Structures are given as structure tokens and as C-alpha cells.
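Biologist: I keep seeing labels on models like this one. Could you walk me through where they come from?

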Amino acid sequence: MDFFHSQESLTTIQWILRAVAAYLFLLITAKALGQRSISQLRFLDFIIALILGNIIAHPLSDEHLGLTGSMITTIVIVVLYLTTSWLSLKWNFLKHYLDPPPLRLIKNGQIQMKSLRKAKISVDHLFSELRKQQIEDIAKVALALWEPGGIISVFLEPQYHPITAKDMYIPTSSFSLVKPIIVEGSSDDKVLAQLGKDHAWLEAQIHAAHLDMKDVELATIDDQDQIRVYTDLDSNEKDEQTLS
């Protein structure tokens, strides 16, 4: 465990062990921070990312620095982050400081230049974000908001909304979520348990279609227990079969 401490020089194996230890430690740290801080960088998340990156990076490039101090500092930073996140749920002042309310960039087809300057984004960037959402005319926008995470939420005027089946009085079936249940011959027991099924039931369904589990590249199941089986996905001729 000498690679944890500062030394005059490190061997190749010690450098490798130090990198592996830092990598595993960062995995645990990222899990402790929570998924929200990873999926969407808020003001506080951005600061934490900068700090943690610098704390861990230096021991991985300088043998005179030990990992122990960096890990202790990282743990303290994570505790402070979690504490601040919890306090922001209790104190409105802290909540509004870390997660300010969204800025209104467009209202009824009109750009709000004051909000645009406050958000520090250009008109060109705004139009670029609209194009990404297939909006070619700003007059179609009823409301556009600059969210704290840096995302622009856009709401169209009612007359520009796409026509739905409900608008046309077209009968539709209920929503059904399709989930992968077999991938490369291996079944997902967790999905089976959620559906109240077991491996024996799935294997019976596959055998009834004159197939073998190991030959199934992919199989999906919906909420109505309808199984769709795909075989030979790597070949040009794909075999698809639906089991009821």
C-alpha cells in the first residue's frame, strides 16, 4: 500500500495501482453525489466537478503527493455537497441562490432582450437552440424559458401543436412499455420478477415457438406479456417472431 503515500519515485506497478485506486474511489464518489449531479450540471455541481477534478488529478501525475490526503479532502467535499443540497431543500434563500427560477427568454413570439442579457446568451445561440427543436419561426413560440441547468424549454402556441389521435377522435390502445427480456441468450430475471413471471415460463414460451434460448439474440416483452423474438441480428436477413 506504499503507492498511497508520497514518495521520491513510483514504479510502473505503483502508478497503475494508484490510477486503479483513484478510479474506483471516483466511482464510489460519483454514486454518493447522486444521479442528478451527473445528468445535469447545476451551479453547485459545476463547482464540485472542478474541485474534485483538481484534487484527484494531482496525485495521479505527481509522485510527491499521496492519495490519502486527496481522498480525505474529497470525502469532506462530498459531505459538504450533500449537506448543502439538503439545506437548499429547507432554506428558500439557499435554494434560489443555487437553483434560481428560470428566465423568460421569449413570450408570445417576442424576444425578451433583458432576460437574454441576464442569461448571457446571444440571439444566435437562442435561434440555434430553437432549430434543434425543429422550430423555424420564433412567432410560433408562446414561451421559452432558460432553465437553471442551461436548457431552454420551449412551448409552442396552441395552433402550432401537432395533431394527436385524441384531436381526431381516433381510438387508440393503452400505453405499453417494451422491455428487453433476453439479450444474447441470457434472460433478465429482474424484469421477469416485475411481471410476476419466472425463467421456466419464459423458456416454455420460447420452446413453444420451436426456438432455443441460446439462439435468441434479443427478445422483448410488453405489458400484455407479448414477446417479440429476434434472431441473427448480425446477418443481413433478420428473423423476427411475435409470440402471444
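What follows is a chat about those labels.

Modeller: This is a predicted model, where local features need pLDDT of at least 70, side-chain atom pairs count only at pLDDT 80 or more, and totals for chains, interfaces and linings use all residues. Residues are numbered from 1 along each chain as its sequence is written, and side-chain values use heavy atoms, with hydrogens and water left out.

Biologist: Why is Ser115 called buried?

Modeller: Buried means under 20% relative accessible area, exposed over 50%, and partly exposed in between (1.4 Å probe, protein chains only). Ser115 has 18% relative accessibility, so Ser115 counts as buried.

Biologist: And what makes Leu27 partly exposed?

Modeller: Its relative accessible area is 46%, so Leu27 gets that label. Leu27 is found in helix α1 (residues 12–33); helices are DSSP runs (H or I, at least four residues), strands are too (E, at least two), and both are numbered from the N terminus.

Biologist: What does Ser115 contact?

Modeller: Leaving aside neighbours within four places in sequence, Ser115 is in contact with Leu103, Arg104 and Leu105. Contact means heavy atoms within 4.5 Å.

Biologist: How do you know that β3 and β4 pair?

Modeller: Two strands pair if DSSP finds at least two bridges between them. Strand β3 (residues 141–146) and β4 have five bridges, in the antiparallel sense. Leu145 stands opposite Ser153 in β4.

Biologist: What is the strand order in the sheet?

Modeller: The open sheet runs β2-β1-β3-β4, with antiparallel pairing. β2 (110–111) and β4 (152–156) each have a single partner strand, so they stand at the edges.
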